[in-house]
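Visitor: I'm new to reading protein models. Could you walk me through one, feature by feature?

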Amino acid sequence: MAYTVGEMARRLGVPASTIRYYDKEGLLPFVGRSSGGIRVFTEKDFEWLRIIECLKKTGMSLKDIREYIELAMQGDETIAQRLELFRKQHTVLETRMAELQQTMDTLDYKCWFYETAAARGSTEGISDLPDEALPEALRPVRERLRAAAEAETEEV
């Protein structure tokens, strides 16, 4: 079955301009064209586009995505290079996820802080509560925030 840019965009849940941009950036060398020069997508192209979207979500640059596609199109002699690209991006994503988890933990702490403040009618004294008064999971977060504040004070 063949699909137009618009049909493929709808299937992917992206604007047609996104697919045209991918083409302009050299990410779609595998897509065929009709005799009139119109892009004609297949099921296999859909799989490629899903991989491109996945790699974008990992934060991979368009340059690296293009490199991956070029390597894949060269065949099995580039398996090791493709594996290395994916391993590198895996590490990047793990780091990003750890940073996001730390951000989520901080938001959890601040939610607890303001829920406690709302129940008390004031923020006074909450920062001075002993560790035992905090949910156990939030204790390291408060310690990290305090350590960061102290380190910043020492630098000044």
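Predicted model: local features only at pLDDT ≥ 70, side-chain atom pairs only at ≥ 80, totals over all residues.

Visitor: Is D64 buried or exposed?

Guide: We go by relative accessible area, and buried means under 20%. D64 has 13%, so D64 is buried.

Visitor: Which residues does D64 touch, leaving aside its neighbours within four places in sequence?

Guide: With those neighbours left out, D64 is in contact with L85 and K88.

Visitor: Now the helices. How do I describe two that pack together?

Guide: Two packed helices are described by the angle between their axes and the distance between the axes. Here, take α5 (residues 79–120) and α6 (residues 139–155): their angle is about 100° and their axes are 9 Å apart.

Visitor: What do I call the way α5 and α6 lie to each other?

Guide: Angles of 65 to 115 degrees count as roughly perpendicular. That is why α5 and α6 are described as roughly perpendicular to each other.

Visitor: Which residues of α5 and α6 meet?

Guide: From α5 come Q102, D105, T106 and Y109, and they meet V141, R142, R144 and L145 of α6. Sorted by class, this contact has three nonpolar, two polar and three charged residues.

Visitor: I keep hearing about salt bridges. How many does the count come to?

Guide: You look for a side-chain nitrogen of Lys or Arg within 4 Å of a carboxyl oxygen of Asp or Glu. By that rule the count comes to six salt bridges. One of them joins E43 and R11, whose closest N and O atoms are 2.9 Å apart. E43 lies in helix α3 (residues 43–57) and R11 in helix α1 (residues 5–12), so this pair ties together parts that are 32 residues apart in sequence.

Visitor: How accessible are E43 and R11?

Guide: E43 is partly exposed, at a relative accessible area of 35%. R11 is partly exposed too, at 32%.

Visitor: And what about the salt bridge between D23 and R39?

Guide: In that one the closest N and O atoms are 2.7 Å apart. D23 is in helix α2 (residues 16–24) and R39 in strand β2 (residues 39–40), so to speak distant parts of the chain, 16 residues apart. D23 and R39 are both buried. There's a network as well: salt bridges link D23, R33 and R39.

Visitor: Where do R142 and D131 lie, the next pair on my list?

Guide: R142 is in helix α6, while D131 is in the loop between α5 and α6, so their pair ties together parts that are eleven residues apart in sequence. Their side chains meet in a salt bridge at 2.7 Å, N to O. R142 counts as buried, at 3% relative accessibility, whereas D131 is partly exposed at 35%.

Visitor: Last one: which residues touch the most other members in the largest nonpolar core?

Guide: Think of a core as buried nonpolar side chains joined by contacts. The largest one has 25 residues, and M8, I19, L28, F41, L49, I52 and I69 touch the most other members. Helices α1, α2, α3 and α4 each supply at least two residues of this core. Look at I69: beyond its neighbours within four places in sequence, I69 is in contact with L27, P29, F30, W48 and I52. There's also a second, separate core of nine residues, including Y109, A117, I126 and L134.

Definitions and conventions
Residues numbered from 1 in each chain as written. Heavy atoms only, no water. Axes fitted to C-alpha atoms, helices over the stretch in contact; angles between N-to-C directions. Helix = DSSP H or I, 4+ residues; strand = E, 2+ residues; numbered from the N terminus. Parallel < 35°, antiparallel > 145°, perpendicular 65-115°, else oblique. Contact = heavy atoms within 4.5 Å. Nonpolar A, V, L, I, M, F, W, Y, C, P; charged D, E, K, R; others polar. Buried < 20%, exposed > 50% of the residue type's maximum accessible area, 1.4 Å probe, protein only. Core = buried A, V, L, I, M, F, W, Y, C linked by side-chain atoms within 4.5 Å.
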